[in-house]
Amino acid sequence: MEGDNHVVFQCFRCENYQSRVFRRLIQHLKLVHAHEPNFSIRCGINNCEKVYTNVDSYIKHIKRSHQDFGVIDAAQEGDDLDDHHAAELDENIVNEQVNANPGEHVNLRQENDYPLDIGSLQNAVGLFVMKMREKHNLPRTVVNNLLQDLHSVLGCAQSHQSRQIEEALRNEGINPERIDQILRMLEMTSPLTVLDRFGSGTNHRNFVLNNTDYIAPVEYILGESNGVSVTYMYVPILESIKSLLKHDDILTEVLNTHQHCQNGVLHNFCDGTLFQDNEMFEAQSSLQIQLFVDDFEVCNPIGSYNKTQKLNGMYFTIGNLEAKYRTKLSSIQLVWLSKTSSLKKFGWKVHTKQLIDDIKILERDGISIDSHGEHHALRGTVSFIVADNLGSHGVGGFMEGFTATRMGRVCMCTYQSLKQPNLSTNFRMRTVNGHEHQLQMIRHHPGLSTVYGVKACSPFNELSHFNVINGLPFDPMHDLLEGVCPLVWSKVLTSLVASNHLKILQMNETLQHFEYSGSDKSSKPSQLSWSMGKVVMRQNASQMWCFCRLAPLMFGRGIPANSDVWELILQLNEILSLVFAPKQNFTMIAYLHGLIEDFLKCYLQLFPENGLTPKMHYLMHYSRQMEQYGPLVNCTTIRYEAKHSYFKDLARKTKNRKNLAKTLAMRHQNLMSLHSTSKNVLGADNIISTGMTEVNVDAFCPKVRNPLVQAFRMDNLQVASSVAIQGTLYRPNFVVVSHITEDVLHFAKISKIFLYNSDAYFLLQNFMDCNFYRKYHCYVASDGLSEPFLLKCSDLLDFHPLSFARSDQGSCIVQRYRYLEEFL
């Protein structure tokens with residue numbers, strides 16, 4: 001027909017592939033992009049919003065849901081697709097169509113006539129092998145066996161296909177010599193030849209080196225022990241940064257870094273005083289390097305390899321990225337891996353030499369990035385180093401443990417002062433000049449180390465724009481969730497059990513049968529136990545946070561209204577809700593400071609026998625540190641420690657004990673190189689939906705139909721049973737906070753989830769008559785709901801779904817943290 005050549009399909013992931021035939025576009029997606037990390041494809045047919053991460057599932061969806069499309073059998077079975085079908089495709093099918101006048105030449109690549117070239121096939125197989133090895137952590141022997149079996153299956157299929165082709169050509173009277181040439185050509189371009197190449201580890205290694213942005217870890221010798229060289233693995237941080245900045249999405253984030261807010265709102269490190277006072281960060285695009293260091297055990301802690309394979313790892317992230325991108329495990333890069341015993345034996349100075357030298361170059365000369373014809377010269381330095389208290393003291397050159405006279409890294413508080421029955425608030429703060437003076441005194445009189453609490457000068461103090469005195473923030477996870485909270489809850493529950501207000505058996509039954517919602521289901525607290533006359537808490541950090549938020553609702557009913565120990569719990573929960581708030585202002589910080597003092601005084605009055613712990617004392621510095629670093633939730637180690645799980649799982653599967661640090665570092669860099677093959681490394685606007693159905697707007701009642709018609713102006717809507725946005729899951733009946741008016745929070749229940757133009761919209765109904773019950777530390781709402789209204793997910797006051805449960809009082813809603821808008 002006249003319009004046969006009007007329609008052109010363009011790949012939505014690369015700009016240099018186009019085809020007039022939809023089947024070939026599908027083949028291109030399968031061959032070139034299907035194995036890429038973060039691969040997803042939006043349907044788009046008739047405004048269908050369903051998103052798939054597998055091309056075959058996408059084809060099945062079209063065949064099942066868009067039967068009038070007319071090309072599915074061809075795309076799935078390999079039949080030719082004529083231009084008549086291609087011309088009927090909707091313009092939103094994959095990405096875009098290019099319309100040309102009749103007879104006008106459309107510039108398409110020659111490969112479009114047959115996109116299955118051997119280079120693309122080799123790339124697809126290489127990425128497939130990398131996924132099996134690095135993403136799914138399959139051993140090399142398993143991958144080799146898989147390739148061998150795949151080779152056998154494809155060999156049988158190719159042999160059968162060759163015989164059919166030969167027979168068909170002979171029946172057509174083709175010259176036998178020409179038939180042999182055709183069969184040899186098919187054999188040369190056969191997938192079997194590519195599979196043979198990846199049968200050896202050398203070829204796979206060459207593929208990684210030549211086709212990905214692989215940053216090789218370097219093995220450095222620390223010294224000798226018993227005549228054997230002791231080494232550690234270092235990944236050149238400058239090369240890692242350059243590799244990351246090659247990606248447009250990361251470079252854009254760096255060049256458009258959030259700057260200091262003038263309205264007194266603290267979002268991140270850029271709003272703190274340390275950022276403002278650092279000359280390096282005067283340029284908007286200066287690189288902020290956030291470091292993390294920690295020890296972790298990769299083997300069974302009670303097994304035969306206990307402590308012999310304990311590793312020390314340092315990671316880094318680019319602090320210029322938004323928190324939703326920075327906290328992804330793929331954004332956390334490896335700096336080094338070393339045995340913990342080696343670090344203790346040879347010290348921090350030797351371990352950090354290569355890193356310090358590289359960061360000095362970053363401070364002085366910077367790095368150069370060329371992107372789309374533009375040149376960018378970027379300098380930067382370390383913004384801060386996060387670790388647990390032991391790690392922070394080690395990297396900072398302070399006395400590790402709390403046996404020194406001065407046991408803090410930010411003040412000169414003595415350990416003895418913490419054991420006093422009265423709260424002391426006047427502590428002399430450590431300063432850069434004072435720290436230098438103490439180091440000089442220690443050089444002449446080493447015995448003063450225990451007096452000052454300082455062991456040696458930190459190698460990080462060699463940097464021009466960083467000093468450990470103002471670079472080691474406290475970690476709320478270790479201080480609160482793994483320190484203060486378990487201790488206080490244990491003492492309070494022990495007191496309540498002794499007074500017969502609570503019983504261990506009843507509390508455990510409540511914990512087991514409580515109706516957890518949303519993310520709380522994966523953080524369900526463990527059972528309590530009774531040992532040596534007290535309640536024992538055995539919760540990890542996420543379980544402890546879940547327990548702290550929900551326990552007042554679970555156990556508060558049987559507690560007297562005037563209970564002093566319960567008041568201590570309510571104060572602790574209020575502290576948690578402020579510390580973990582992602583946005584803060586100075587009003588919140590001042591309120592927190594007073595609240596912490598009241599909490600510690602109350603604790604000393606109720607439990608004076610042992611005084612304060614060091615972690616309790618650290619809370620007194622939180623308000624000052626928030627002014628310096630911004631919200632401390634950005635300094636927590638939660639996501640960094642999640643990175644340990646990758647190494648632990650990999651060590652268990654590799655069963656390598658000879659040079660474990662080298663094996664893990666190399667495998668990790670393979671994984672990072674696999675991530676680098678993705679065009680969208682950060683995974684921005686990543687929306688994954690399930691249970692998609694198409695519903696006519698007339699199927700809804702008028703109260704629901706009216707806001708839908710006004711917002712979408714279309715008859716058929718895409719309804720999802722769930723949607724995950726940047727890793728956060730939403731389902732109908734989940735509770736969110738939609739907005740705030742006149743200091744009143746409005747909580748809403750999700751009724752329906754709609755997808756439109758790659759955005760998620762929630763049909764919400766506000767709870768009526770919400771009141772805060774301090775005894776339960778939650779909001780209680782009546783069962784009445786407001787008229788439905790539509791709201792885009794990005795317009796929510798906060799993106800986190802809230803804990804929701806039903807009780808005798810009504811619908812109970814528990815906040816994760818306090819909202820900034822409550823203090824404006």
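## Strand pairing around strand 6

G223 stands opposite V230 in strand 6, a facing pair taken, like everything below, from a predicted model. The two strands concerned, strand 5 (residues 218-225) and strand 6 (residues 228-234), run antiparallel and are joined by seven bridges. Two residues lie between the strands of this hairpin, and N226 takes a positive phi near 60° there.

Strand 6 also pairs with strand 10 (residues 333-339), again in the antiparallel sense, with two bridges between them.

Side chains of opposite charge can pair when their charged atoms come close. In this model the count of salt bridges comes to 18. One of them joins E219 and K662, whose closest N and O atoms are 3.6 Å apart.

D520 and R549 form another salt bridge, with their closest N and O atoms 2.9 Å apart. D520 sits in the loop between helix 19 (504-513) and strand 14 (529-531), while R549 is part of helix 20 (residues 541-555), so the contact ties together parts of the chain 29 residues apart in sequence. Here D520 is buried, because its relative accessible area is 3%, which falls under the 20% limit; R549, at 8% relative accessibility, also counts as buried.

The side chains of K583 and E821 meet in a salt bridge as well, at 3.6 Å from N to O. K583 is found in the loop between helix 21 (564-579) and strand 16 (584-585), and E821 in the segment after strand 29 (810-814), so this pair connects parts that are 238 residues apart in sequence. With a relative accessibility of 28%, K583 counts as partly exposed. Elsewhere, K349, K360 and E462 are linked in a network of salt bridges.

## Aromatic pairs

A pair of aromatic rings is described by the distance of the centres and the angle of the planes. The model has 36 aromatic pairs by count. Among them is the pair of F767 and F804, whose ring centres are 5.8 Å apart and whose planes meet at 35°, so the arrangement is tilted. F767 lies in the loop between strand 24 (759-766) and strand 25 (771-773), whereas F804 lies in strand 28 (residues 803-807), and the pair therefore ties together parts that are 37 residues apart in sequence. Both partners are classed as buried, F767 with a relative accessible area of 8% and F804 at 15% relative accessibility.

Ring pairs also link F292, F296, Y315, Y640, Y646 and F647 into a cluster.

## Arginines over tyrosine rings

Which arginine lies over the face of Y214, and at what distance from the ring centre? It is R205, placed at 5.1 Å from the centre of that ring. A contact of this kind is also found for R409, which lies over the face of Y618 at 5.9 Å from the ring centre.

How values were computed: Residues numbered from 1 in each chain as written. Predicted model: local features only at pLDDT ≥ 70, side-chain atom pairs only at ≥ 80, totals over all residues. Heavy atoms only, no water. Pairing = 2+ DSSP bridges. Helix = DSSP H or I, 4+ residues; strand = E, 2+ residues; numbered from the N terminus. Salt bridge = Lys/Arg side-chain N within 4 Å of Asp/Glu carboxyl O. Buried < 20%, exposed > 50% of the residue type's maximum accessible area, 1.4 Å probe, protein only. Phe/Tyr/Trp six-rings, centres within 6.5 Å; stacked < 30°, edge-to-face > 60°. Lys NZ or Arg CZ within 6 Å of the ring centre and 35° of its normal.
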